[in-house]
Amino acid sequence: MSNPPASAPVITIDGPGGSGKGTIAQKVAKALNWHLLDSGALYRLVALAASNHGVSLDNEESLQILAENMDVQFLVDDPDQPIRIVLEGDVVTKDIRSEEVGRDASKVAALPSVRAGLLQRQHDFRDAPGLVADGRDMGTVVFPDAELKVYLTASVEERAERRFKQLQEKGMSANLADLQAAIQSRDAQDMNRSVAPLVAADDAIIIDSTDMTIDEVFTELMNHARTKGLVK
């Protein structure tokens, strides 16, 4: 499939899980009043839809059909609140963030036909005045002509700690060592898959958020956007 026409500017934010790219993408999209694409949510939705319909993660043909046809909505009720994600009429915003769905999503994302099935959906998010897209191959595969590409990373230890705190705040039990092992496992799976592996684009700006606050990362990214002429 050919790349979409450059109808609107794009900022891509790629990186491993727990690096903070989702939070930063939302802040940047809000600051610029641009559209937002959480590509990871799409793969999580395929994984959840597969579970709901009893489709095996080894059944690539059926997973592709789900990817192309699943009924999904991203609803913004309040610009100050996270988007609501609806799958087949049910709000699944929290459901798709579970560790199990995350692991399944990583398996689903390694399947070429599923990635192909979701590609046009991702391209459709590109609209004026602009798009902020976060994921693992936004700058390398989906929007290779993006005006600004960022690769946001952080140490495994820091990412596990962040996830541990998130789960604690939600009243959920967690084991820090198990989280760290799960993150390392998913990193290896994402970086070593044969199709669209997790890697920084050659022209990406690399930001290591290990010792940075969200506001510091946001400020640095916006400075780069300003340099590119994307901030008015």
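## The sheet

Five strands form an open sheet in the order S2-S6-S1-S7-S8, with parallel pairing. The model is predicted. Strand S2 (35-38) and strand S8 (205-208) are the edge strands, and each pairs on one side only. From one strand to the next, the twist averages 20°.

Strands of a sheet pair through backbone hydrogen bonds. Strand S1 (residues 10-14) runs parallel to strand S6 (residues 131-135), and five bridges join the two. Val10 stands opposite Leu131 in S6.

## Thr12 in strand S1

Strand S1 also holds Thr12. This residue is buried, because its relative accessible area of 0% falls under 20%. Leaving out residues up to four places away in sequence, Thr12 touches Ala133, Met138, Gly139, Phe143, Ala146, Leu148, Lys149 and Val150.

The largest nonpolar core has 36 residues. Leu45, Leu63, Val114 and Phe143 have the most contacts inside it. The elements giving two or more residues to this core include helix H3 (60-69), strand S4 (84-87), helix H4 (99-109) and helix H5 (112-123). Helix H2 (39-52) is also one of them. H2 gives the most, with nine residues.

Leu45 touches Met70, Val72, Phe74, Ile85, Leu87, Val92 and Ile96, not counting residues up to four places away in sequence. Another core lies apart from the largest one. It has 19 residues, among them Ala25, Ile207, Phe218 and Leu230.

## Salt bridges across the sequence

The structure holds eleven salt bridges. One joins the side chains of Asp215 and Lys27, at 3.7 Å from N to O. Asp215 lies in helix H9 (residues 214-227) and Lys27 in helix H1 (residues 21-32), so this pair ties together parts that are 188 residues apart in sequence. Lys27 counts as partly exposed, at 30% relative accessibility.

Asp203 and Lys149 also meet through their side chains in a salt bridge, at 3.2 Å from N to O. Asp203 lies in the loop between helix H8 (176-192) and S8, while Lys149 is in strand S7 (residues 148-153), so the pair ties together parts that are 54 residues apart in sequence. Lys149 counts as buried, at 8% relative accessibility.

Arg186 forms a salt bridge with Asp190, and their closest N and O atoms are 3.4 Å apart. The two are separated by about one helical turn because they are four residues apart in helix H8. Arg186 counts as buried at 18% relative accessibility. Asp190 is buried too, with a relative accessible area of 1%. Salt bridges that share partners join Arg136, Arg186, Asp190 and Arg193 into one network.

Notes: Residues are numbered from 1 along each chain as its sequence is written. This is a predicted model: local features need pLDDT of at least 70, side-chain atom pairs count only at pLDDT 80 or more; totals for chains, interfaces and linings use all residues. Side-chain values use heavy atoms; hydrogens and water are left out. Two strands pair if DSSP finds at least two bridges between them. Axes are lines fitted to C-alpha atoms, for helices over the stretch in contact, and angles run from 0 to 180 degrees between N-to-C directions. Buried means under 20% relative accessible area, exposed over 50%, partly exposed in between (1.4 Å probe, protein chains only). Contact means heavy atoms within 4.5 Å. A nonpolar core is a set of buried Ala, Val, Leu, Ile, Met, Phe, Trp, Tyr and Cys residues joined through side-chain atoms within 4.5 Å. A salt bridge is a side-chain nitrogen of Lys or Arg within 4 Å of a carboxyl oxygen of Asp or Glu.
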